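Visitor: I am new to this one. Could you show me the structure and take me through how its chains meet?
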Number of protein chains: 4
Amino acid sequence: MDIVALQAALRHFAADRDWERFHAPKNLAMALTVEAAELAEIFQWMTDAASREAHRDPALQARIADEVADVLLYLLQVADKCGVDIERAAWSKLEKNGLKHPPRARA
Amino acid sequence: MDIVALQAALRHFAADRDWERFHAPKNLAMALTVEAAELAEIFQWMTDAASREAHRDPALQARIADEVADVLLYLLQVADKCGVDIERAAWSKLEKNGLKHPPRARA
Amino acid sequence: MDIVALQAALRHFAADRDWERFHAPKNLAMALTVEAAELAEIFQWMTDAASREAHRDPALQARIADEVADVLLYLLQVADKCGVDIERAAWSKLEKNGLKHPPRARA
Amino acid sequence: MDIVALQAALRHFAADRDWERFHAPKNLAMALTVEAAELAEIFQWMTDAASREAHRDPALQARIADEVADVLLYLLQVADKCGVDIERAAWSKLEKNGLKHPPRARA
């Protein structure tokens with residue numbers, strides 16, 4: 001994924017609409033929780049099992065893709081504003097999680 | 001960002017811990033909202049202006065990076081389980097947003 | 001507030017629609033986060049100061065009231081399903097918070 | 001539930017700590033989503049069925065009660081700041097929901 005290109009496009013998008021003044025990390029993080037909730041809303045009354053099959057319905061998959069994109073776009077903007085290298089942060093978190101939750105022993 | 005590598009690492013991580021049975025899209029989306037809230041929590045009592053400066057404090061920036069990573073890791077897992085091409089979804093959403101909110105006219 | 005009456009009405013509402021099977025605490029808590037996000041959405045691009053004045057606009061106040069009600073209705077259902085006495089829990093939490101954050105000293 | 005008494009106690013609590021300046025509806029709504037997420041977090045890896053039994057474990061029930069209380073305390077503060085009569089809003093929403101989702105026909 002070309003994060004640099006996406007973040008540049010998001011910066012232009014905001015500048016062209018004079019939205020930069022709204023885009024404090026606080027507001028972007030708040031908007032991110034709203035989009036995350038819209039993604040969760042798709043699955044909220046499904047059983048776990050049904051949620052595993054949801055994307056086989058093209059209309060539902062399009063809705064999921066739409067909300068996943070909304071979350072990503074705000075996440076990239078938070079990272080951009082806060083000088084966070086999102087890919088490095090992801091790998092470093094994965095490593096930390098590996099130490100916190102060691103793989104189960106195998107027989 | 002090498003999404004394919006990250007998603008593969010996440011799949012191995014879950015498999016090594018026998019967590020695949022927990023990772024229904026419903027549960028992953030729920031965990032995503034929890035991590036999004038943890039990111040928002042960092043900024044909740046700041047003014048908008050203060051949130052723009054927060055990342056200049058290295059300890060705060062590290063916390064932000066950590067929560068941004070948590071959100072991304074769950075987002076990549078939702079996308080993976082649901083067959084969503086997250087980069088394509090992002091560009092397509094950006095285009096849709098451009099039609100919905102045309103740039104303001106310039107003098 | 002007559003919590004017993006509200007919780008009874010919610011129980012009848014769910015029974016009349018055969019929704020009881022959807023109303024696991026997990027799903028209700030998930031729906032609660034969605035409604036909380038819809039409340040937050042009203043304020044997300046406002047400054048803190050503007051959010052203090054928002055309710056003076058009757059249309060906005062009606063939206064706020066609506067979302068506050070949605071959060072409360074799910075909260076009462078979670079409490080009901082989990083045998084939580086919500087009023088007692090609130091007073092006990094307030095007391096705990098008082099010990100955790102002692103009032104500032106006065107000159 | 002004595003809402004007037006709880007809201008008065010919350011007002012005193014904030015005043016005694018000089019927190020009134022932080023308590024814009026925007027910030028309170030944001031804090032509410034954070035607490036709602038902490039409630040959801042308790043249930044996120046449980047099956048729906050397990051979440052129905054969770055409160056039988058006294059330690060889990062205490063955690064649920066704690067998070068339910070946190071959500072309620074912020075909700076009462078949002079309602080207080082925004083001049084929302086929370087009990088009236090709840091009954092009116094219940095009525096609106098009844099019109100939107102009529103009870104299923106019975107044979």
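Visitor: Through which surface do the copies, chain D and chain B, meet?
Guide: They meet through the same surface, because 100% of the interface residues of chain D are also interface residues in chain B; contact means heavy atoms within 4.5 Å. This is a predicted model, in which local features need pLDDT of at least 70 and side-chain atom pairs count only at pLDDT 80 or more, while totals for chains, interfaces and linings use all residues. Residues are numbered from 1 along each chain as its sequence is written, chains are lettered from A and ligands numbered from 1 in the order in which they are written, and side-chain values use heavy atoms, with hydrogens and water left out.

Visitor: How many residues does the contact take from chain A and from chain B?
Guide: The contact takes 68 residues from chain A and 68 residues from chain B.

Visitor: What area do the two bury between them?
Guide: Chain A and chain B bury about 5,700 Å², with 66% of it on carbon and sulfur atoms. Buried area is the accessible area (1.4 Å probe) that two parts lose on being put together, summed over both. In chain A, the most area is lost to chain B by Met1(A), Lys26(A) and Arg52(A), together 12% of what that side buries.

Visitor: And how many salt bridges are there across that interface?
Guide: The rule (a side-chain nitrogen of Lys or Arg within 4 Å of a carboxyl oxygen of Asp or Glu) finds eight salt bridges across the interface of chain A and chain B. One salt bridge joins the side chains of Lys93(A) and Asp66(B), at 3.2 Å from N to O.
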